Amino acid sequence: MSYLVSVLYIVAFAMFIYGLMGLTGPKTAVRGNYIAAAGMAVAVVAVLIDIRETDNWIWIVAGLAVGVVLGVPPALRTKMTAMPQLVALFNGVGGGTVALIAWAEFLDSDGFTTLDEAPTVHVVVGSLFAAIVGSVSFWGSLVAFAKLQELLNKNLERRLVGAAKAFQVANIALALAAIGIAVYIGLRADPANAPTSAIWIVALLVVAGLMGLFVVLPIGGADMPVVISLLNALTGLSAAAAGLALNNQAMIVAGMIVGASGSILTNLMAKAMNRSIPAIVFGSFGGDGGAGAGPAGAGGTVKATSASDAAIQMAYANQVIVVPGYGLAVAQAQHAVKEMAALLEDKGVEVKYAIHPVAGRMPGHMNVLLAEAEVPYEALKEMDDINGEFSRTDVTVVIGANDVTNPAARQDSSSPIYGMPILNVDQSKSVIVLKRSMSSGYAGIDNPLFTADQTSMLFGDAKKMVSEVTEELKAL
């Protein structure tokens with residue numbers, strides 16, 4: 001049976017890696033997801049075979065049933081616009097599970113004083129690392145979920161962001177406390193010592209949990225996509241550490257894959273914003289109630305347009321670039337945009353889509369939405385590939401995007417987003433911006449693009465306004 005378990009683990013690892021490879025493109029992403037999920041099912045079967053002599057089958061079956069009941073319905077019912085929140089929540093559950101595993105290992109071994117394995121260093125260190133990082137990931141992910149779900153009062157959120165330095169001091173103290181408690185527990189992990197009180201592992205989890213809360217609470221919404229990716233990486237690393245402590249190869253490999261891929265993605269996202277990860281964690285921007293307290297683009301003249309005028313501009317253009325943002329996601333306008341683009345292409349207009357790495361509320365958010373509407377993958381252009389096209393573009397249509405098109409990132413050294421790479425929308429001959437209102441974006445700052453000479457605003461729900469433009473195009 002031990003050979004069978006090893007073979008099943010190898011099969012599961014191969015499916016994890018092959019499934020991850022499928023996530024590199026929209027055409028293979030769904031298949032990759034199914035393959036990776038099947039790989040996890042194989043790993044679960046391997047674990048069940050490995051523990052076949054246990055007397056706790058009732059608890060194991062109950063746990064599996066609870067997981068299915070709590071996991072499947074939200075995944076089926078959650079709209080694409082709320083997918084970032086679901087990702088944050090599920091990621092947090094993973095971190096919390098790892099923290100509970102570390103707690104259980106502590107209790108089962110009387111504070112690591114009755115371990116049968118030798119050496120025990122990897123068990124103790126792995127469990128304590130998993131307890132700290134898993135707890136940080138769990139509570140931090142819950143805060144990320146609350147922010148994305150807009151459960152926090154806006155004024156409260158601005159005050160939290162404004163108190164970032166106070167949170168930094170508190171986090172340093174909490175980190176030192178967590179390390180100190182972990183060292184104390186580790187030094188007492190000796191059969192010669194009396195069992196360590198369970199109060200110490202509880203204290204470790206509480207301190208780490210507070211640190212998770214205090215790290216994410218002062219981070220503004222503009223940085224949230226990077227935070228989600230970072231927390232995901234932490235959850236993976238904590239799972240790998242727990243796997244090391246439990247001598248479970250599946251947890252080690254799966255955790256390292258998640259940790260490595262999450263770390264790479266976090267680094268890429270941070271580079272896309274021209275910000276270091278420490279700057280994001282310790283010096284966030286967004287929602288501070290400063291320049292962004294007024295309407296985005298305040299200080300200039302806003303020119304409104306109509307669906308008919310927008311349709312005429314696009315119908316007689318040679319090239320149109322669509323810039324999707326979170327407003328498109330909220331309005332579920334991706335299918336309407338695809339229909340509008342199809343009409344333009346029938347009229348001989350070339351249509352491209354400019355995708356900023358941090359547009360939306362999670363990595364790849366816009367790619368997923370447009371792929372759902374069957375927009376050709378070849379038409380989706382990353383920022384570095386499309387920026388040179390704007391100066392040759394007749395009309396750029398910005399749908400709900402704000403900070404990723406803000407020229408202040410290039411022109412205003414005092415701006416909080418100065419230096420962040422943006423889509424060069426302001427270089428287009430004409431710009432049409434679809435927004436519900438003149439409210440600011442995640443960063444909470446003005447966008448001078450909205451008052452530029454070549455820009456006109458089409459106010460209203462994105463899906464409704466795109467549909468009106470489509471009807472006007474049909475009439476031309």
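## A tour of a cavity and a lysine

Start by selecting Ala 310, Met 314, Met 340, Val 397, Ile 432, Leu 434, Leu 458, Met 465, Val 466 and Val 469: together they line the second largest cavity. You are looking at a predicted model, and it holds 3 cavities of 30 Å³ or more.

Now colour your selection by residue class. The lining has 10 nonpolar residues, with no polar and no charged ones.

The largest share, 3 residues, comes from α18.

For the second stop, select Lys 303. You will find this lysine in the loop between α11 (277-282) and α12. Is Lys 303 buried, partly exposed or exposed? Its relative accessibility is 32%, so Lys 303 counts as partly exposed.

Keep Lys 303 selected and bring up what surrounds it. Leaving aside neighbours within four places in sequence, Lys 303 is in contact with Ala 452, Asp 453, Thr 455, Ser 456 and Met 457. Zoom in on the lysine side chain: it reaches the backbone oxygen of Ala 452 at 3.0 Å. Then look across to Asp 453, whose backbone oxygen lies 3.4 Å from a polar atom of the Lys 303 side chain.

To finish, draw a distance from Lys 303 to Gln 454, C-alpha to C-alpha. These two residues are 151 residues apart in sequence and 9.3 Å apart in space.

Notes
Residues are numbered from 1 along each chain as its sequence is written. This is a predicted model: local features need pLDDT of at least 70, side-chain atom pairs count only at pLDDT 80 or more; totals for chains, interfaces and linings use all residues. Side-chain values use heavy atoms; hydrogens and water are left out. On a 1 Å grid over the protein atoms alone, a cavity is a set of points where a 1.4 Å probe fits but cannot get out, and a pocket is an open set with protein on both sides within 12 Å along at least five of seven lines; lining residues have an atom within 4 Å of a point. Grid points are joined across faces, edges and corners, and a volume is the space filled by probe spheres set on the points. Helices (H or I, at least four residues) and strands (E, at least two) are DSSP runs, numbered from the N terminus. Ala, Val, Leu, Ile, Met, Phe, Trp, Tyr, Cys and Pro count as nonpolar, Asp, Glu, Lys and Arg as charged, and the others, Gly among them, as polar. Buried means under 20% relative accessible area, exposed over 50%, partly exposed in between (1.4 Å probe, protein chains only). Contact means heavy atoms within 4.5 Å. A polar contact is a pair of N or O atoms within 3.5 Å; within protein, one must be able to donate a hydrogen and the other to accept it, and residues adjacent in sequence count only if both atoms are side-chain atoms.
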